[in-house]
Amino acid sequence: MGIKLYSLGAAQEVTGSKHVIEIDGRSIMVDCGAFQGKRKESDEKNRNFKFDHDGLEAVVLTHAHFDHCGLLPVLVKHGYQGNIYATPATRDLANLVMMDSARIQARDAEFLAKQAAKRGEKFTWRPIYNEEDCTKAANQIVTVSYNRKMYIAPDVQLEFFDAGHILGSSFAYFTIKGLHGNITAPSALRAGNGNEVRILYTGDLGRCEKPIIRDPATDLPAPDYIFLESTYGNRKHEGNEFAMHELERVVHHAVEKKGKILIPTFAIERAQELVYYLHLLTDKGRIPSIPIYVDSPMATSATGIFGVHPECYDEETKEAFLRHHKNPFGFGALTFINSVEESKLLNKKEGPMIILSADGMCEAGRILHHLANGIGDPRNTVLIVGYMAENTLGRRIRDGKKDVKIMGDWYHVNADVELIDAFSAHADYEEITEWLDCLDKSRLKQIFLVHGEPDAQAFLTNYLAEHGYANVTTVKYDEVYEL
């Protein structure tokens, strides 16, 4: 039996995660994410995604971020009818993310058609998928809880472990059995007959001591191969108390200027985490009680999903939610905005206030309107709290560009731009190494780096080598690695 591994995304880049295990021509796909970045380039890459689903036995979804689940509807639309395995929380959140994407595409198509009509031009752009495709994809998701082994093919066993990244995020641990032609029935394999290869995909590796969710698991069986994310492979985060201090400082500065703090935030995990921290700072009297708006229907829905998945909570959140019925996501200063009319009214309100709005990379959603209305005002602050992929508006703002294009128009950046990396849900290079150090490495043969930009991967490779991990390979797009 021959095993081949290759990646069709997140190979020397951060978005578009799609990794494939091929066993004698049969395939298992880990994640099926969308590319993000330059709009035209990303749209072409997402639109041109095709995969021969005839030999595809299963799809495994590590978590619900768009760059990991965003092209599942395309796979289904092209004819894939098999199972998609995910944790229960990931299923709920992925359904939300996919549907949100379909609606954004539909609105974009309507807007672009009107713009083309005004110019007297022919309009040809169409959404990649619609809500019906998303519903079909969601119906194919089979939920598997953490630490529950399941055969997803006669010779392939899957087990999810908590990745500590977002609600429901998981490491996908594969045990491929019955090698060298000795393929036996599942009952015999369970008895330990036959050789086996163990492959661990981290998806996105989380961080320790983050609020709400548990730390990344380390009690995994010894893997032979690890596909390891490297988003922050050359950067180091500050600790939680530093994040709290910086958030406190930014809020006080905005209050002094009577300005608005505009926070581009991912609707899943980051929005809930920031609300948690703001609640904590307000309760402790470290910041004044000023209006805080979560202007994202998706974030509002995601927060509801958080409330029904206590199996993902850490002990502190369990204590608050389950034993004392205290909601970390709801307090007096907080308002969830749903309607477009309410969102528009925020632009007319005077500060100080805090607006958390999606999309986290400033490529779509209501944050674009808030930036267009507020980025030119020197009283305001744009607070960057997460990773910004190359060629995104968020990356340009983060990098200090003084003029940026938003929804087709140019704006001069007069607002302060602040960066707090400590809120990142991705492990940095030290945290990655510390996590590896905790694993059973008695069988480890090789580490494959994915989900990172080349400079981050080069730094991480050298850092890992200095700490005893010599056999590290950076995965290249569509390059086959035979085991």
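The structure is a predicted model, in which local features need pLDDT of at least 70 and side-chain atom pairs count only at pLDDT 80 or more, while totals for chains, interfaces and linings use all residues. Side-chain values use heavy atoms, with hydrogens and water left out, and residues are numbered from 1 along each chain as its sequence is written.

Side chains of opposite charge can pair when their charged atoms come close. With a salt bridge taken as a side-chain nitrogen of Lys or Arg within 4 Å of a carboxyl oxygen of Asp or Glu, the count comes to 28.

One of these pairs is E110 with K114, at 3.6 Å from N to O. Both sit in helix α4 (residues 88-119), and because they are four residues apart there, about one helical turn separates them. Helices here are DSSP runs of H or I with at least four residues, strands are runs of E with at least two, and both are numbered from the N terminus. E110 is partly exposed, at 47% relative accessibility; on this scale buried means under 20% relative accessible area, exposed over 50%, and partly exposed in between (1.4 Å probe, protein chains only).

Another salt bridge joins E121 to R119, at 3.0 Å from N to O. E121 comes out as partly exposed at 45%, whereas R119, at 52%, counts as exposed.

E241 and R286 also pair up, their closest N and O atoms lying 3.2 Å apart. This one ties together distant parts of the chain: E241 belongs to helix α7 (residues 240-257), and R286, 45 residues away, to the loop between α8 (270-283) and β13 (292-295).
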